[in-house]
Amino acid sequence: MTQKKGETFVNALTLDLSHPVPLVPLRDTLVVPGSSTRILVGREVSVRALDAAREADGFVLLLLQRDSNTEAVKAEDLSRVGVLARIQTVTPLPNGYLKVLVEGILAVDILDITLSTYFSALVSPRDFHYGNTAQDKELAEESIRLFSRYAEIQDVPPDLIETLRTTEAPLQVFMGMIPFMRLAPTEKQGLLEQDSIATLGNLVNSLLQTAIDTEHVSQRIRQDVQHKMQQSQKEWLINEQIRMLQEEISGGETGTNELTTLVNKIKAKRFSPVIQEKLDEELERMKFMHPTSPEYAVVRNYLDWFIAFPYGEYTETSLNLKKVKADLDKKHFGLEKVKDRVLEYVAVLKLTGSEKHAPILCLVGPPGVGKTTLATSIAESIGRNFVRITLGGVRDEAEIRGHRRTYIGSMPGRFIQALRRAKCMNPVVLLDEIDKMASDFRGDPASAMLEVLDPELNHDFADHFMEVGLDLSRVLFIATANAEDEIPAALHDRLEVVRLPGYYVHEKQSIAKQYLLPKVCERCGLVNGKDIVIDDVCVHKIIREYTREAGVRELERLLETIVRKRAKEVVLGKKLKAELTEKDISHYLGVPRFLENRLPKPGRPGLVTGLAWTSVGGEILSLECTLLSGRGHLQLTGKLGDVMKESAQIALSLVRERLQKFGIDPAIVRKTDIHIHVPEGAVPKDGPSAGIGLTLALLSAFTRIPVSPDIAFTGEVSLTGELHAIGGLNEKALAALDAGVKTLFLPQENAKDVVELPSLVQKGLKIHLKSHIDDVIRELFKSPSLKKISSEKT
């Protein structure tokens with residue numbers, strides 16, 4: 001039998017459906033006949049339809065959108081079966097929306113939809129086909145029985161069951177259950193579109209039975225798993241329940257779109273088979289995890305690192321030697337050794353076409369000589385991406401190799417992070433302050449660096465977080481250090497050391513004029529050469545009287561101080577000459593910090609000029625010796641280290657052995673207290689290079705023959721009088737020349753280092769190379785008494 005047109009749940013209701021009915025599209029809510037539901041109306045077209053319905057007979061047509069994300073709805077976006085509803089109350093909300101309480105009256109078919117200022121539609125009541133009335137009632141009774149069991153596991157009002165039992169019409173029973181079933185709006189729409197009572201009843205019963213069985217499966221899982229798990233494994237229980245529920249409910253597709261996106265992104269990267277196999281394992285694990293579980297987030301983060309990693313991406317290196325050299329010369333003065341080494345690298349790359357076994361340069365020099373900026377310029381000149389890794393103070397090995405994924409907040413090491421920032425696999429990586437790495441109970445990061453910086457090993461660098469080998473062999477590593485001897489020996493062996501000595505005065509003048517002053521003027525808003533002019537005389541005054549450094553950082557700060565003060569005067573409207581004088585320099589910078597000549601006054605026995613190396617460059621070291629009557633006690637002051645104290649003991653033995661040649665009884669040493677002092681007592685001093693100077697200072701004190709302060713000495717002396725080579729000659733020679741030293745005595749073994757000194761130093765200093773301490777003594781102590789002793793011996 002067929003239900004008559006217009007028959008509804010309210011039998012007395014008479015509707016005129018010959019005219020279009022105002023239509024309100026619904027996003028994610030479905031109203032069924034016989035139920036009251038609150039809906040939110042906010043779109044302008046829906047508000048107009050609601051107003052039209054209220055002005056007419058108070059009935060409105062409610063249709064579900066096929067896609068809830070569609071904002072500008074068209075007629076084809078709407079379902080073809082809807083519900084005619086009566087508007088009961090309308091409540092305006094502060095945000096402009098309307099909260100509407102509607103009562104579903106009748107399921108209708110859509111004949112035609114039109115759009116003017118709002119949607120309207122011609123509708124006709126749905127024809128429900130009845131089968132055997134007794135069978136329909138049996139279906140309804142079965143539905144009530146299943147719904148009663150369903151109500152026990154879901155939040156369903158208890159009196160609803162009684163209401164359904166007293167309902168005679170099977171259609172009303174089924175429609176009364178639909179609002180309380182946990183189904184998606186599209187699934188409820190599918191129930192509404194059924195035109196057969198038997199089909200609708202069977203479908204409702206199937207969904208209820210599925211939900212009940214699913215809950216039973218969940219209970220069985222909980223009982224089985226709880227016997228095997230400890231308290232700490234509750235998260236696994238939840239994930240397992242969700243997984244089993246998804247297997248039972250065929251419609252569960254949580255995370256499928258996300259997994260598909262990840263798989264596509266990983267395939268696009270074209271990883272090696274080893275890496276791809278590892279990522280496939282992680283993706284397989286991810287399928288059985290719920291997106292809200294912590295383990296899911298860990299795996300997702302792991303995959304995201306690989307997706308963001310620039311695997312197989314390389315930048316093209318500029319192979320034009322002339323262009324590379326011009327770029328380096330434009331930004332840096334001098335530093336020819338480093339520039340030549342970069343040009344050699346580019347030349348080899350041009351000939352071989354392979355970036356494997358890239359050099360690992362280590363720029364060693366005092367602060368401020370341009371090591372870091374030089375690395376940046378190298379990257380720019382050869383067209384590579386640049387990234388900097390600061391190693392100063394790094395104590396944890398995990399900073400290099402990464403953290404294992406078992407730790408909360410774990411992440412890859414600094415090298416993997418650097419490649420990700422560089423967005424390529426062949427950047428220039430600056431390892432800044434490699435000599436300042438430390439070690440403690442968390443491991444030795446310097447040892448972890450060995451694999452990174454070994455050309456034979458870094459093609460398969462294993463990061464603890466990534467868990468697979470990655471190729472670092474095409475990375476151009478450039479390290480910087482202040483003290484070469486503080487670099488661990490094993491690490492030092494893997495570095496190609498290029499030493500950057502301190503700048504000479506004439507070099508600082510050129511750097512100040514060509515690079516620093518234009519940069520400082522631009523920073524302060526002045527025009528160099530127009531608003532301010534600093535000539536060579538003024539620059540020389542700043543360098544000699546206000547700075548004592550190997551680099552140019554302090555010089556840049558002083559120039560900026562001068563330019564800032566001139567900028568203030570310009571803003572105040574003072575009329576001043578652009579050219580600065582030496583008097584202006586003193587006015588801006590105050591009293592000179594250093595004297596032009598730091599050498600002591602000549603003519604005092606027991607005073608010798610030595611040389612020292614520091615991390616900021618070379619220094620003049622005054623060695624003072626005084627003799628007092630006593631019992632042969634040797635006193636050393638000036639915060640000297642053990643090696644330097646031993647050098648003083650050796651020097652005293654050598655002098656005692658040679659006193660008789662000067663007509664002095666060696667026994668006098670037993671009656672004399674000897675006090676050796678090295679000024680600037682708060683500064684620690686150590687090393688064997690003061691051996692020659694200490695020996696000559698003692699000999700000068702005993703013979704009363706002064707040594708000219710403009711003669712400097714550096715070199716180790718043995719107990720036999722042999723002279724041995726020392727390091728840091730470039731820095732020491734620079735300090736000697738700046739201080740006004742004219743003559744420099746060195747061990748013969750340093751002849752190879754003298755050849756590498758700049759021509760200015762070789763011309764400015766008279767360098768003597770000696771192999772024995774007696775050679776130095778004969779050269780210096782040419783007094784009449786010494787000649788008399790020499791003639792008597794003859």
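In this predicted model, Y302 and F306 both belong to helix α10, where 4 residues, about one turn of the helix, separate them. Helices are DSSP runs of H or I with at least four residues, numbered from the N terminus. Y302 is buried at 0% relative accessibility, and F306 is buried at 1%. Here, buried means under 20% relative accessible area, exposed over 50%, and partly exposed in between, with a 1.4 Å probe and protein chains only. The centres of the two rings, those of Y302 and F306, lie 5.1 Å apart with the planes at 70 degrees, so the pair is edge-to-face. Rings of Phe, Tyr and Trp (its six-membered ring) pair if their centres lie within 6.5 Å; planes under 30 degrees apart count as stacked, over 60 as edge-to-face and the rest as tilted.

By this rule, the count is 9 aromatic pairs. One of them is the tilted pair of F271 and Y311, at 5.1 Å centre to centre and 50 degrees between the planes. This pair links distant parts of the chain, 40 residues apart: F271 is in the loop between α8 (256-269) and α9 (273-287), and Y311 is in the loop between α10 (294-308) and α11 (321-331). F271 is buried, with a relative accessible area of 9%, whereas Y311 is partly exposed at 23%. One aromatic cluster is formed by F271, Y302, F306, Y311 and F465.

Residues are numbered from 1 along each chain as its sequence is written, and side-chain values use heavy atoms, without hydrogens and water. Local features need pLDDT of at least 70, side-chain atom pairs count only at pLDDT 80 or more, and totals for chains, interfaces and linings use all residues.

Terms used
Helices (H or I, at least four residues) and strands (E, at least two) are DSSP runs, numbered from the N terminus.
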